[in-house]
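Visitor: I would like to learn how to read the features of a model such as this one. Could you take me through them, giving the general idea and then the case at hand?

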Amino acid sequence: MLASLILIPLAVALAIVVLPAASARATALLGTLAAAAMTVVALVQFDWTQGAVMQFLASVPWLPSLGISLSFGADSVSMLLIALAALLGPICVLASWTAITERVKTYYAWLLILQAAMVGVFVARDLIFFYICFEFTLVPMYVLISLYGSTNRKRAATTFFLYTFTGSVIALAGLAYVAWFNSTLPFDQMTGVGGSWTFDISTLQTAASNHMNLAQQSMVLLALLCGFAVKVPLFPVHTWLPLAHTEAPTAGSVILAGVLLKLGTYGIFRFGIGYTPDAFVAFAPYIAVLCIIGILYGGLICWVQTDVKKLVAYSSVAHLGFCVLGLAALNHAGIQGSILYMINHGLSTGALFLLIGFMYERYHTRSMKEVGGLAAKMPVWATFMVFFVMASVGLPGLNGFVSEFLCMLGTFQASDSWSLGLWGSEKAATIGATRGNLGPWYAAVASTGVIIAAMYLLIMVGKVVFGPLKEPGGHDSHGSHGGSHGGSHGGSHGGSHGSNGHGAAAHGHSHLPADLTAREITALMPLAIACLVFGLYPTPLFQALKAPVNEAIAHVYPPPQLETPGTENQPGRNDPTGLIGSVGTAQEVSR
Amino acid sequence: MPSAFLGVLVLNPASSLDSMLDSMLVLAATPATVAKAPIIAGDPLALLVPALPILGLILCTLCAIFRVKSKLPAFLTVACLAGAFVVTAKLFTGHDGGVSIASGFQWMTLSWGEEPGQRFIADFSLYLDSLTILWMLFVTGLATLIALYASEYMSHDVGLGYCRFFAAFNLFVFSMACLVMGDNLLLLFLGWEGVGLCSYLLIGYFYKKPSAVAAAKKAFIMNRIGDVGLILGVMLTFVHFGSIEYREIFAAAQPYIDLAKAGKFSEIPAIVQLIPILLAVGAFGKSAQLPLYVWLPDAMEGPTPVSALIHAATMVTAGVYLVARTYPLFLLSEYALPIVAWTGALTALVAATIGMAQFDIKRIMAYSTVSQLGYMFAGLGVLTSTGAAFHVVTHAFFKALLFLSCGAIMHGFAGQLDLRKLSGVGFMKGWGVVGLGMFVGCMNLAGFPFTAGYFSKDMILAEAFVTPGMAPIGWILLLTAGLTAYYTFRVFFRVVVGPMHYEPGDELHHAEEDSHGHDHHGASEADAAHAADAAHGHAHTHDDHAHHEHGHGAHFHPHAPGWAINTVLATLSVASIAAAGLYFVKSPYEGGMAHGGAVPGMVERSSAAFETPFSHHGVGESHETIKEGGHEGADGHAPAHAEGGAPSFVPTSIAKSQGEAAHAGSFLGWDPHKVMYYVSGVVGFVGIFIAFILHYAGRRTAATARADALLPAFGPLAGWAQNKWYVDELYDLVVRTPLWIVANIFHLFDKIVIDGLVRLVGGIPRFIGGMVRPTQSGELHGYAAGMAAGVAVLLFLVFMLTMR
């Protein structure tokens, strides 16, 4: 089942390479639709009442001697992220329909390979398999940016590649260390831990979280963060993102913002919390501080941007700050909010990138100094723009609010100091509080990011959507009344238009009508509907995520009475079976 | 301890020491022992109130999609909103004064355990009590009328713009319904931000105009500042009480209420006392109080029906609603209500001074709205939530009337709003209804005796003198009442009566296929260029009136309002007058308060009552009792005073700050309740008289119409007031500019880091780039090799480090 989600895009990529270029985009659309349909089947078959249990398990031995296998499995967190990737697939093809006119086969083939790699990350139950997929997403993205990006694309692609590659190699070191650590442990019949090399994600989780001491966990966590924080990206290592986003083609940006960034947060959730829970608790305040700096710093930088795409790119830095902040809260509201944030950010920011792409296709500029007041020209586009900006701003009733609020609520609750009698709480039980190292100050500071978000996004809307109509010089003004721009401009654009977007040089007249086409509206509608539905009725998502999130929290803060071994993966670190003692042995062995 | 009080008037014998101890003990175990308050299922019909505007929104959207070019969207909207009003009226007639919950669907509900505080519940359910119904009655009623008015007012925009306007209008009413009817703080927040969005969309309705876009943005951002306070308050409420549903909060707050009644504020945890202050920040943002008021005058960029509905009658009273709804929480803090009272009083004064110096009649009305909202907050702060709510209701009618009358003038005089350029409008042919509307509205706003505005304002004023320690607020409000009377009649004497004279505005209707009519609002010079443009535009035919030619000078004829506008103005005039009757009508429920009439009668049955549900005394009686307690505390006679708390609801700080405690509760030695009728009446007369002298008696010809006699007398003060005391500039200097500089520094830093890093690793990419550029397969191999090498090196390092 899950393997087919990887194989379908790969097969379609192969078909695109084989078939003539003229049919490439149609093939790609069909392929992504088939993958989406298959995802729907998987979503239906998935047992949502058992969200925490890995389902559709399958395994093919690969290098048995090293314990490496191609094993698949998905819990509800994975399933939702797969669904996001599958949803964005056809949308990306639709968005590239007219924008990509050169080297079409290469483009769509890589797009589908990217799709496969992303799904692979979410379904992998083997560390090596995970890592290969994780790394491999870089290659298609590199190609998409460096071949189909705008002016500065080479530099952007290289920066992007080196930045994330360097980070993830360090993460690999951390993961490899865990595998090696496991191999040094004595074999444990019950959990399957120790004895020999294995890269099974669950086994290693037991090994790492149960047997590593805090110092070892901290080291592993730092290594993991090097990889995942770059991907997210968190504050000091975010600088590749604006560049990559600005230069990437529209579909590239959509995928990048929609799914690729989530690989980082997903990694932190799976491995940061899963493998190194104690260290994560200890590091949570520092991670949270980085997140909050990112929220404010990214937001303020957005404010001074003139390039719309760069603005939205920087807004991702701010938004994902909230997302990781929720993870750092390590409580139910925070982690649920964070996982929902991954999806919601993908929907709303993905849509914003689409809209900016549609505008770019028409005006060949993204500068707020050159275009403005497009509501007069493109009312449908403007409506969508305002809608998705509001989703991104976190307007209640739309999806962004649900996750942003939960992340903040989680942060607010997560303070041991509530029970220590700070905040005047000695006189009152703060029954809504949870364990954790953050607290109201973190939430209060982070919440100012909400004001900043309103500022920069509304400034953007105020300039680009509203205000007097302003179109770049050289752009045919199409007559001011909507309608009647059919093929009259059809012949006027040369081959240089679109695909490689040679910046200002390519002021070819777009053959597109003034306002959005049916194809473009089709690409946007699913996202708009999802934003509205998840904003007004997120209950199914809450229910789906409840079990895995609860399990993750129980993993971090084991309930005291956890004496029932055999609860699948984690018997808890205070395991009375004497395994703690064996850590000592393991360390002696290692010395 | 009776933990459930809502819905039933259950009482709490908390005045004795024993029960105090009792509640202290209970307090320690509060979380576990709080029983779930009983839920009385409400009339599911109530769900239609938010649902009908949504239907209207969908219909308007369909109209936009099918390019309907008629007034259809307006009439669909009117129908839907009228339906909502009828449903609300039905709820009102069927309401017994209790609390019930009409359950909708689950919105944000998640749980992570079975203990209290481990369930976060924010459902789409409606909380039906008298306060909710009171608010929805005037919201839906006014919305229907104003939609009817707008059907004519916006007629120059028939087409996409018309659909857009009414879609946002419907969305607004829906949001307002969520805000008012939501059974939890998060649903209130949904409505709260929803009305903010609609306000944004409608202020920026004339989106081609930079000033409108800027005003819309400013409104949204200023509101967001308040919203952050509110949302933090919501989170703190959840962390402390373990719920954000009103009935649960109120039940859980019961022990603290007992403490507060005993004046033992020091026993109430600081976090509980912080909650109302955070909520107040949100309320100040939405209701345009100091220091967050600057967006409201700018919001007048929107079409006038919007100003009337959103920025005068309904949305801006949301802050008052929030405080009234969570009044039990506000009573828990020593400082919350004094903060509310002082903020309100100072806002009332400051806004009135600015309003005195403006020339744009719509802006004067905007400042008067800010000022009157200040009154309402002051009313809440001086413990007369009933008076505040009554003022909200009367104000909603007369201010909507005033705005719509101004709108009619603006509509007819091509955007002219300068009171120096209009005169004698009320006596022009066809303008009688407008003149009458202005007259009724001005009388109410000025607090002319026996108008509705007079009675409601009076309740607040009297109560300010009654409540210990709040006398200074009473004096400020009394002064403001005089100023209000003056500036209101300044408008009236200049614009409505006097010699007939007008200069048309610089904005003309200018219909285009695609919506975007121009704002008729010719307030700022910045529009002049734009307007000149419009003047050359073609004259066009109105759909519903006779043909009018628009042009400057001799060609210009003001076009008098049509039937829709006149009907609405007449209805509102009657309603504004009739609202005074509410003061004499008995409470619709059993056992209502003797004083104040129907509206206070409704408020006192809700959580906004500052004591009813918590006391077993008869309402009026206990009202006095508490006040008496206040005196005693201030005089130092009460036993509890020794413990540092005044034995009343009146926070200690108030009681202490009152130097002449003997004067508390009196107005210069008289009973404020009795004497205030005369005092405020006289103050109103004085204000009107001064306005008469300066703006009517001394102004017989059109030539003198240009001078404003009072302004020079005040020297620079007048100029400062005219420039709104430079608050906008202050914000710019203190907040915006520093942030902007910081943002630029960050941006620069970011750029340098990017460039620096790229240059740092520049050698490597060139090497790799050279290797991979030729073909794509080369890339793969190159990177695969790089990957492997990197991994090997790092692994080796790790092994070396850990194995030692």
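**Reading two chains**

Guide: Chain A has a secondary structure of 20 helices and two strands, and please keep in mind throughout that this is a predicted model. Of the 591 residues in chain A, 70% are buried, and the accessible surface of the chain comes to about 17200 Å², with 67% of it belonging to carbon and sulfur atoms.

Visitor: What share of the contacts in chain A with a separation of 6 or more comes from residues 24 or more positions apart?

Guide: Such pairs account for 78% of those contacts in chain A.

Visitor: How do the two strands of chain A pair, and over how many bridges?

Guide: To read a pairing, one looks at the direction of the strands and then at the bridge partners. Strand 1 (residues 55-63) of chain A and strand 2 (residues 68-74) of chain A pair in the antiparallel sense over six bridges, and A:L63 has A:I68 in strand 2 as its bridge partner. The hairpin that these strands form has four residues between them, and A:G67 takes a positive phi near 75° there.

Visitor: How should I read burial along a helix, and how many residues of helix 10 of chain A are buried?

Guide: As a general idea, an α-helix has 3.6 residues a turn, so residues three or four places apart point the same way. In helix 10 (residues 240-247) of chain A, eight of the eight residues are buried, so this helix is largely enclosed by the rest of the structure. Among the buried residues are A:W240, A:H245 and A:E247.

Visitor: Where does A:S348 lie, and is A:S348 buried or exposed?

Guide: A:S348 belongs to helix 14 (residues 332-363) of chain A, and because its relative accessible area is 4%, under the 20% cut-off, A:S348 counts as buried. Once its neighbours within four places in sequence are left aside, A:S348 is in contact with A:F388, A:A391, A:S392 and A:C531.

Visitor: What does the secondary structure of chain B come to?

Guide: Chain B has 30 helices and four strands, and buried residues make up 64% of its 804 residues. Chain B exposes about 27200 Å², and carbon and sulfur atoms supply 69% of that area. Among the contacts in chain B with a separation of 6 or more, residues 24 or more positions apart account for 79%.

Visitor: Which way do strand 1 and strand 2 of chain B run?

Guide: Strand 1 (residues 100-111) of chain B and strand 2 of chain B run antiparallel and are joined by eight bridges, with B:I101 standing opposite B:Y127 in strand 2. Nine of the ten residues of strand 2 (residues 119-128) of chain B are buried, so this strand is largely enclosed by the rest of the structure.

Visitor: At what angle do helix 15 and helix 16 of chain B pack?

Guide: Here the angle is read together with the handedness and the residues that meet. Helix 15 (residues 336-357) and helix 16 (residues 361-381) of chain B pack at about 160°, with their axes 7 Å apart. An angle over 145 degrees counts as roughly antiparallel, and therefore these two helices of chain B are described in that way. The crossing of helix 15 and helix 16 of chain B is left-handed, and the residues of helix 15 that meet helix 16 include B:G344, B:A348 and B:A352, while those in helix 16 include B:Y367, B:G374 and B:A378.

Visitor: Where in chain B does B:Q416 lie?

Guide: B:Q416 lies in the loop between helix 17 (385-412) and strand 3 (422-423) of chain B, and B:Q416 is buried, with a relative accessible area of 7%.

Methods: Residues are numbered from 1 along each chain as its sequence is written. Chains are lettered from A and ligands numbered from 1 in the order in which they are written. This is a predicted model: local features need pLDDT of at least 70, side-chain atom pairs count only at pLDDT 80 or more; totals for chains, interfaces and linings use all residues. Side-chain values use heavy atoms; hydrogens and water are left out. Buried means under 20% relative accessible area, exposed over 50%, partly exposed in between (1.4 Å probe, protein chains only). Contact means heavy atoms within 4.5 Å. Accessible areas come from the Shrake-Rupley method with a 1.4 Å probe; for residues, only the protein chains shown count as cover. Two strands pair if DSSP finds at least two bridges between them. Axes are lines fitted to C-alpha atoms, for helices over the stretch in contact, and angles run from 0 to 180 degrees between N-to-C directions. Angles under 35 degrees count as roughly parallel, over 145 as roughly antiparallel, 65 to 115 as roughly perpendicular and the rest as oblique. A crossing is left-handed if the near helix is turned anticlockwise from the far one by less than a right angle, and right-handed if clockwise.
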